[in-house]
Amino acid sequence: DSFYYSLYDQANNFTLTADIPNTVLMKPIHIYSQLLRLLTVVSVGIIILFSFWTYRTIHRPMAVLIRGFRKAEQGQTGIFITHSRKDEFGYMYSQFNEMLRHLHTLIQENYVQQIRTGEAELKHLQSQITPHFLYNSLFSIKQMAEVENVELIKEFSDYLGQYFRYITRDSAQEVTLQQELDHALVYLAIQRIRFGSRIRAEVDDIEPGWRGIHVPRVLLQPIIENVFEHGLQHKSKNGL
């Protein structure tokens with residue numbers, strides 16, 4: 001329960017002894033230990049509070065911004081970050097939303113411009129096909145009229161009417177594959193009348209499941225026209 005110490009004086013031949021209770025001797029150490037424990041608890045609490053504050057103030061807002069950038073990288077330009085913050089992250093969120101809004105507008109404008117350019121090119125191609133074909137057809141009618149082949153003129157005029165009705169009847173840029181094939185066969189019939197016995201044609205049916213597929217308008221005719229222009233124009237017989 002106590003500690004003691006003694007001092008012996010040889011000159012006077014006596015011993016001085018002091019007795020100190022443990023409670024008195026260990027009291028400063030107990031106080032220090034308690035203060036150290038309290039300091040440890042307070043430090044851990046401060047670290048936890050600081051970590052939680054850092055998470056709410058920096059980490060979580062940064063994670064929201066990073067998720068937004070990742071979605072933007074995947075092409076999702078229609079997303080926006082909803083917030084009510086007034087700090088630096090609020091400014092970054094607002095600028096991010098404005099950037100995506102501007103980017104989405106630019107993409108839409110570019111996409112529409114590409115569509116309009118494609119439509120203009122297609123219409124230009126159609127306008128190039130029609131006059132060239134019309135001149136040749138009128139010349140063929142003139143030749144048939146000179147020999148008074150009325151029945152052939154009637155057949156040829158009927159095909160020619162079907163051809164230009166398909167070209168000019170509406171502004172739809174896509175038709176079904178069956179409609180496009182029917183138009184190509186009308187064009188082929190006109191060319192067969194013009195070329196007569198110099199050529200013959202073999203046409204296979206398309207699969208029933210493919211007939212409803214939508215394709216660009218006037219897709220097949222230029223292919224057949226190139227055949228006549230570059231492969232059959234100078235053949236006097238046996239053209240296929």
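Residues are numbered from 1 along each chain as its sequence is written. In this predicted model, local features need pLDDT of at least 70 and side-chain atom pairs count only at pLDDT 80 or more, while totals for chains, interfaces and linings use all residues, and side-chain values use heavy atoms, with hydrogens and water left out.

Salt bridges to begin with. The whole structure has three of them, a salt bridge being a side-chain nitrogen of Lys or Arg within 4 Å of a carboxyl oxygen of Asp or Glu. E98 and R101 pair at 2.7 Å, N to O. These two sit three residues apart in helix α2, residues 88–146; helices here are DSSP runs of H or I, at least four residues, numbered from the N terminus. K142 and E146 pair at 2.6 Å, N to O, and they lie four residues apart in α2, about one turn.

How exposed is E146? E146 is exposed, with a relative accessible area of 55%, where exposed means over 50%, buried under 20% and partly exposed in between, with a 1.4 Å probe and protein chains only. K142, at 45%, is partly exposed. R200 and E202 form a salt bridge at 3.0 Å, N to O, and both are exposed.

Next, the helix pair. The axes of α4, residues 177–195, and α5, residues 221–232, come within 9 Å and cross at roughly 25°; axes are lines fitted to C-alpha atoms over the stretch in contact, with angles from 0 to 180 degrees between N-to-C directions. So α4 is roughly parallel to α5, the term for angles under 35 degrees.

Methods: Angles under 35 degrees count as roughly parallel, over 145 as roughly antiparallel, 65 to 115 as roughly perpendicular and the rest as oblique.
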